[in-house]
Amino acid sequence: MDHTVHVFNVWNKGNTTARVFKFHTAAVKDVRWSLNGLSLLSGGFDCSLRLVDVEEGKEIKVFKEDQAVEVIKFNPSNSNLFLSGGSKGSLRLWDIRSGLVTKEYQRNLGTILDIEFSSDGKQFICSTDTSRSNVSENSIIIWDTLRQVPLSNQVIGY
């Protein structure tokens, strides 16, 4: 992992690198295409999320976190919203237009491993990894996106 994001041209037999973005100052952990396919959202260990216009090669907006960003997902029913999950266990719903967090989901979670929206964007599921002492716990939580409440919580200890 480094602090760059590469976009490849898979149809070109020669030079397959179409764009290289160097906006992060630390390793990039996750990258997602916007729903319209015109921009990329990346998150990384520099505690930032960066929205980039792929065609222009310009950074559109920077979203600041207080944790390393582990995973990001766009809401499938609203292209202006995306979720970020991080190393401190925080889950945040961001609005691209304002650049602000609209909702925060707290449950004393460990590092967020993955998140996925339901097809209508009304719920999402997250998985976490928590290690305390010699015990490792993994949890899977289904959240109501609007009400910020968990609908289901499964904890597995090892």
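Figure 1. The model is predicted, so local features need pLDDT of at least 70 and side-chain atom pairs count only at pLDDT 80 or more, whereas totals for chains, interfaces and linings use all residues. Residues are numbered from 1 along each chain as its sequence is written, and side-chain values use heavy atoms, with hydrogens and water left out. The phi angle of Cys 47 is near 60°, a positive value in a residue other than glycine. Most residues other than glycine have a negative phi.

Figure 2. Strands are DSSP runs of E with at least two residues, numbered from the N terminus. Ser 48 counts as buried because its relative accessibility is 0%. The side chain of Ser 48 forms a polar contact of 2.9 Å with that of Asp 46 and another of 3.0 Å with that of Arg 50. A polar contact is a pair of N or O atoms within 3.5 Å; within protein, one must be able to donate a hydrogen and the other to accept it, and residues adjacent in sequence count only if both atoms are side-chain atoms. When residues up to four places away in sequence are not counted, Ser 48 touches His 24, Ser 42, Gly 43, Val 62, Phe 63, Lys 64 and Val 69 (contact: heavy atoms within 4.5 Å).

**Figure 3. Asn 36 in the loop between β3 (28-33) and β4 (39-44).** Asn 36 counts as exposed because its relative accessibility is 54%. Its side chain is joined to that of Ser 34 by a polar contact of 2.6 Å. A polar atom of the Asn 36 side chain also lies 2.9 Å from the backbone nitrogen of Leu 38. Between the C-alpha atoms of Asn 36 and Gln 123, which are 87 residues apart along the chain, the separation is 21 Å.

**Figure 4. A nonpolar surface patch of about 350 Å².** The patch is made by Ile 125, Ile 140, Ile 142, Val 149 and Leu 151. Accessible areas come from the Shrake-Rupley method with a 1.4 Å probe. Strands β13 (135-144) and β14 (149-157) each supply at least two residues of the patch. Ile 140, in strand β13, counts as partly exposed at 38% relative accessibility.

Technical notes:
Helix = DSSP H or I, 4+ residues; strand = E, 2+ residues; numbered from the N terminus. Buried < 20%, exposed > 50% of the residue type's maximum accessible area, 1.4 Å probe, protein only. Patch = residues over 30% accessible without salt bridge, like charges linked within 9 Å, V, L, I, M, F, W, Y side chains within 5 Å. Salt bridge = Lys/Arg side-chain N within 4 Å of Asp/Glu carboxyl O.
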